[in-house]
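Subject: Structure handover

Hello,

Here is the structure I said I would pass on. Please look through it first, then read my notes below.

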Amino acid sequence: MTGPRTSGKKRANGVESRQRILDAAVAIAGERGYDGTSIAAVSARCGLPASSIYWHFRDKDDLIAAVIERSFETWLAAVELPGEEAGTPLDRAMIMAANVAKSLVNEPDFLRLGLMLALERRPEEPRSRTVFFQVRHIARQRIEEVVRFVLPQLDEDAVRLLTTYAIAGADGLFVQREFNGDSVDLVEMFQFHARLVYETGVRMAAERAR
């Protein structure tokens with residue numbers, strides 16, 4: 001009979017194995033992209049047999065989807081507006097922008113892999129691409145909430161327009177860093193972008209109030 005201590009150890013080992021597999025998949029997908037990632041390559045990188053990988057994940061697509069979900073959770077935690085003690089609405093938005101940029105520097109896989117998948121067209125839709133669009137929708141909702149709170153004078157059309165602009169700009173800055181590496185200070189760029197988005201929102205509100 002398996003005791004509580006043995007069961008707990010098995011669970012811990014299972015969690016550790018899953019993390020090793022995900023870490024290996026991140027490294028390989030970053031080097032080779034979706035098509036170049038294989039269960040065999042992940043197995044070789046993490047040192048676990050393919051059977052262990054298939055115990056956790058149905059196939060490569062399921063594995064890549066899990067990589068995106070794990071990275072997204074870290075990113076989403078950063079999309080949180082600081083409290084009023086942090087200063088003006090602009091100050092708070094810039095702090096949040098810095099936190100989001102740091103999360104993307106530390107855990108870029110959600111956006112890196114997701115953008116690769118989003119730009120590809122396949123006869124059969126990979127689950128990982130569907131997962132990216134799902135979490136992307138959640139991200140958009142979170143940013144819309146922040147825009148509504150920071151700029152309450154905007155109507156819904158303006159909120160949607162400004163959110164689209166904010167996300168598109170952030171995507172572009174992320175891609176620029178992927179091209180140029182550490183020469184692009186993503187934190188500084190995201191804070192600069194946040195200021196421009198906020199000032200644009202203030203102008204939009206003033207124009208619509210006329």
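This is a predicted model: local features need pLDDT of at least 70, side-chain atom pairs count only at pLDDT 80 or more; totals for chains, interfaces and linings use all residues.

Salt bridges

Aspartate 23 pairs with arginine 70 in a salt bridge, and their closest N and O atoms are 2.9 Å apart. This bridge links distant parts of the chain: aspartate 23 sits in helix H1 and arginine 70 in helix H4, 47 residues apart.

The count of salt bridges comes to 16. Another one joins the side chains of arginine 208 and aspartate 155, at 3.2 Å from N to O. Here too distant parts of the chain are linked, since arginine 208 belongs to helix H9 and aspartate 155 to the loop between H7 and H8, 53 residues apart. Arginine 208 is partly exposed, with a relative accessible area of 45%, and aspartate 155 is partly exposed at 35%.

Arginine 160 and aspartate 157 also form a salt bridge, with closest N and O atoms 2.5 Å apart. These two are three residues apart in helix H8, so about one helical turn separates them. Arg58, Asp62, Glu69 and Arg127 are linked in a network of salt bridges.

Helix H9

Does the length of H9 agree or disagree with what its 24 residues should span? At 1.5 Å a residue, residues 186–209 should span 34 Å, and the end C-alpha atoms are 34 Å apart, so the two agree. Aspartate 185 caps the N-terminal end of H9, where one of its side-chain oxygens lies 3.2 Å from the backbone nitrogen of valine 187.

The buried residues of H9 include Leu186, Phe190, His193 and Met204. Among the elements that cover the buried residues of H9 are helix H5 (89–106), helix H7 (127–150) and helix H8 (156–180).

The core

The largest nonpolar core has 65 residues, and Ile68, Trp75, Leu154 and Phe190 have the most contacts inside it. Among the elements that give two or more residues to this core are helix H1 (4–36), helix H6 (109–118) and H9. H4 provides the largest share, 10 residues. The core draws at least three residues from each of domain 1 (14–64) and domain 2 (68–209).

What does tryptophan 75 touch, leaving aside its neighbours within four places in sequence? Tryptophan 75 is in contact with Val100, Ser103, Leu104, Phe110, Ala139 and Ile143.

Regards

Conventions
Residues are numbered from 1 along each chain as its sequence is written. Side-chain values use heavy atoms; hydrogens and water are left out. Helices (H or I, at least four residues) and strands (E, at least two) are DSSP runs, numbered from the N terminus. The expected span of a helix is 1.5 Å times one less than its number of residues. Buried means under 20% relative accessible area, exposed over 50%, partly exposed in between (1.4 Å probe, protein chains only). Contact means heavy atoms within 4.5 Å. A polar contact is a pair of N or O atoms within 3.5 Å; within protein, one must be able to donate a hydrogen and the other to accept it, and residues adjacent in sequence count only if both atoms are side-chain atoms. A nonpolar core is a set of buried Ala, Val, Leu, Ile, Met, Phe, Trp, Tyr and Cys residues joined through side-chain atoms within 4.5 Å. Domain bounds come from an automatic or database domain assignment. A salt bridge is a side-chain nitrogen of Lys or Arg within 4 Å of a carboxyl oxygen of Asp or Glu.
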